[in-house]
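Please read these notes with the structure open beside them.

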Amino acid sequence: GASLQGTTIYTNSEPCLMCAKLILGCGITAVVVPKDVYASHGLHVIEDAGIEIRRVDLSELPHEVTMR
């Protein structure tokens with residue numbers, strides 16, 4: 001498959017713990033989530049691993065790039 005090394009993943013909610021562990025293992029370097037997502041387990045695991053977490057205000061995105 002294609003390498004995900006150095007890529008950014010966009011999600012509309014916090015990744016669950018299992019998904020967070022998969023994100024750690026595949027080389028993704030940044031996770032983008034909506035600003036109002038409350039971090040519980042998944043984002044803490046990702047952040048503790050040194051992966052950048054970017055919070056975006058969905059209302060500020062152009063309509064053609066909104067997350068689904």
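1. Two strands pair if DSSP finds at least two bridges between them. Helices (H or I, at least four residues) and strands (E, at least two) are DSSP runs, numbered from the N terminus. With that in hand, look at Ile9, which stands opposite Val31 in β2. β1 and β2 pair in the parallel sense over three bridges.

2. This is a predicted model, in which local features need pLDDT of at least 70 and side-chain atom pairs count only at pLDDT 80 or more, while totals for chains, interfaces and linings use all residues. Residues are numbered from 1 along each chain as its sequence is written, and side-chain values use heavy atoms, with hydrogens and water left out.

3. β2 also pairs with β3, again in the parallel sense, over five bridges. Here the bridge partner of Ala30 is Glu52 in β3.

4. Why is β2 described as largely enclosed by the rest of the structure? Because five of its five residues are buried (under 20% relative accessible area; exposed is over 50%, partly exposed in between, with a 1.4 Å probe and protein chains only).

5. The largest nonpolar core has ten residues, among them Ala20, Val31, Ala39 and Ile51. Such a core is a set of buried Ala, Val, Leu, Ile, Met, Phe, Trp, Tyr and Cys residues joined through side-chain atoms within 4.5 Å. The elements giving two or more residues to this core are α1, β2 (30-34) and α2 (42-48). In soluble globular proteins, nonpolar side chains tend to be buried together.

6. Glu52 is in strand β3 (residues 52-56). Apart from neighbours within four places in sequence, Glu52 is in contact (heavy atoms within 4.5 Å) with Thr29, Ala30 and Val31. Because its relative accessibility is 41%, Glu52 counts as partly exposed.

7. The structure holds one salt bridge (a side-chain nitrogen of Lys or Arg within 4 Å of a carboxyl oxygen of Asp or Glu). Glu52 forms it with Arg54, the closest N and O atoms being 3.1 Å apart. Arg54 is partly exposed, at a relative accessible area of 33%.

8. Thr11 lies in the loop between β1 (8-10) and α1 (17-25). Its relative accessibility is 17%, so Thr11 counts as buried.
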